[in-house]
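Morning, everyone. I have one structure to walk through today. Let me put it up.

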Amino acid sequence: MAPAQRCALCRQTFFCGRGHVYSRKHRRQLQVALDRLLPQVEAARKAIRSAQVERYVPEHERGCWCPCCGCEVRKHLSHGNLTVLHGGLLEHLASPEHKKATNRFWWENKAEVRMKEKVLVSPQEYAQFKKSVVKGLDSYEEKEDEVIKEMAAHIREVEHSRQELVRSTLEVGFPRRSQSSIQIH
Ligand SMILES: [Zn+2]
Ligand SMILES: [Zn+2]
C-alpha cells in the first residue's frame, strides 16, 4: 500500500499515491482553487498597463490565497498613506519563488498547461508595471493637488462671504442685539 500522503488542495490524507490527483474530488478542488485565483489575477493584470494609486484605507490589507505557493499573499501594496492597487499580487506573481512553486504545482496536479502562463507575470511585464506605477503616482499627486486647490478656493470663498457679511451688516448698522442671532455656516 502507498504511504499516506496529505493533499493540500483537498485538505485530506489519501493512500492512492499519484493516482489521487486524477480523482474526481481532487480535480474539483483544483478547479475551485484556480477559479478563485484567476479572476484576481486577471484584475491585477489590467493594472500592468494602468497602475492605480489610491489613498490607503484598511481595506487594502486584504489578501489573496495563492494555491501554487500555499500561502496568503497581499493583494495591494501600501506604503505610508498610499496604496498601489494590485501591486502586492503582481509582485508575488512575478517572483521567482512563485514561478518555481507554480511549475511544481502544475506538474504535481497535472493542471492544464495552457493555463499556467496566466498565473505567471514575466520580468518584462513587471518592469512595465513599475513604469505605470510611476505614472499612477504622478496622476495621483495631480489629483490631490486639485483637491487641495479646490479646498483652498472653497475656504477663500467662505472667508470672503463671511467678510462680506460682516461688512454689510456693519455698514447697514445692524442693531447689536440681532447681530448675535446671525448664524454663519
Ligand atoms: Zn487532493
Ligand atoms: Zn504563489
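What covers the buried residues of H3? Keep that in mind for a moment. A word of caution before the answer: this is a predicted model.

Now the answer. The cover over the buried residues of H3 includes H1, strand S4 (63–66), H2 and helix H4 (113–116).

Stay with H3. The helix runs over residues 96–109, 14 residues in total. From first C-alpha to last, H3 reaches 20 Å, close to the 20 Å expected at 1.5 Å a residue. Its buried residues are His 98, Thr 102, Phe 105 and Asn 109. Look down the axis of H3: those buried residues fall within an arc of 65°, so they line one face of the helix. The general reason is simple. An α-helix has 3.6 residues a turn, so residues three or four places apart point the same way. Turn to the other side of H3 and you find exposed residues: Pro 96, Lys 100, Arg 104 and Trp 107.

What comes after H3? Lys 110 follows, with a positive phi near 50°. Lys 110 sits in the loop between H3 and H4, and is not a glycine. Buried or exposed? Lys 110 has 13 C-beta neighbours inside 10 Å, so it counts as partly exposed.

There is another residue of this kind near the start. Arg 11 is not a glycine, yet has a positive phi of about 50°. Arg 11 is in the loop between strand S1 (5–7) and strand S2 (12–14). With 8 C-beta neighbours inside 10 Å, Arg 11 counts as exposed.

Next, the overall layout. There are two domains in the division of the chain: domain 1 covers 33–140 and domain 2 covers 142–170. How far apart are their centres? Taken over C-alpha atoms, 43 Å.

Leu 165 lies in helix H5. It is exposed, because it has 12 C-beta neighbours inside 10 Å; the cut-off for exposed is 12 or fewer. Now compare Leu 165 with Thr 13. They are 152 residues apart in sequence, and their C-alpha atoms are 79 Å apart in space.

On to helix H1. This one covers residues 24–49, which makes 26 residues. The buried residues of H1 are His 26, Leu 37, Ala 44, Ala 47 and Ile 48.

Ala 47 leads us to the core. The largest nonpolar core has 19 residues. Which have the most contacts inside it? Ala 47, Ala 51, Val 84, Leu 90, Leu 93 and Phe 129.

Leaving out residues up to four places away in sequence, Val 84 touches Ala 51, Val 53, His 76, Leu 77, Val 133 and Gly 136.

Now the strands. Glu 54 is in strand S3, residues 53–55. Glu 54 counts as partly exposed, because it has 16 C-beta neighbours inside 10 Å. Its contacts, not counting residues up to four places away in sequence, are Thr 83 and Leu 85. Glu 54 and Ser 78 are 24 residues apart in sequence, and 9.3 Å apart C-alpha to C-alpha.

Then S4 and S5. In which sense do they pair? Antiparallel, over 4 bridges, with S5 at residues 71–74. Cys 64 stands opposite Val 73 in S5. The hairpin of S4 and S5 has 4 residues between the strands, and Gly 70 takes a positive phi near 65° there.

With 11 other C-beta atoms within 10 Å, Glu 72 is exposed. Glu 72 touches Gly 63 and Trp 65, again not counting residues up to four places away in sequence. Arg 62 is 10 residues from Glu 72 along the chain, and 9.7 Å separate their C-alpha atoms.

That's the tour. Comments, please.

Terms used. Residues are numbered from 1 along each chain as its sequence is written. Chains are lettered from A and ligands numbered from 1 in the order in which they are written. This is a predicted model: local features need pLDDT of at least 70, side-chain atom pairs count only at pLDDT 80 or more; totals for chains, interfaces and linings use all residues. Domain bounds come from an automatic or database domain assignment. Helices (H or I, at least four residues) and strands (E, at least two) are DSSP runs, numbered from the N terminus. The expected span of a helix is 1.5 Å times one less than its number of residues. A residue is buried if 20 or more other C-beta atoms lie within 10 Å of its own, exposed if 12 or fewer, and partly exposed in between; C-beta atoms are placed from the backbone. A nonpolar core is a set of buried Ala, Val, Leu, Ile, Met, Phe, Trp, Tyr and Cys residues joined through C-beta atoms within 7 Å. Two residues are in contact if their C-beta atoms, placed from the backbone, lie within 7 Å. The arc is that of the directions from the helix axis to the C-beta atoms. Two strands pair if DSSP finds at least two bridges between them.
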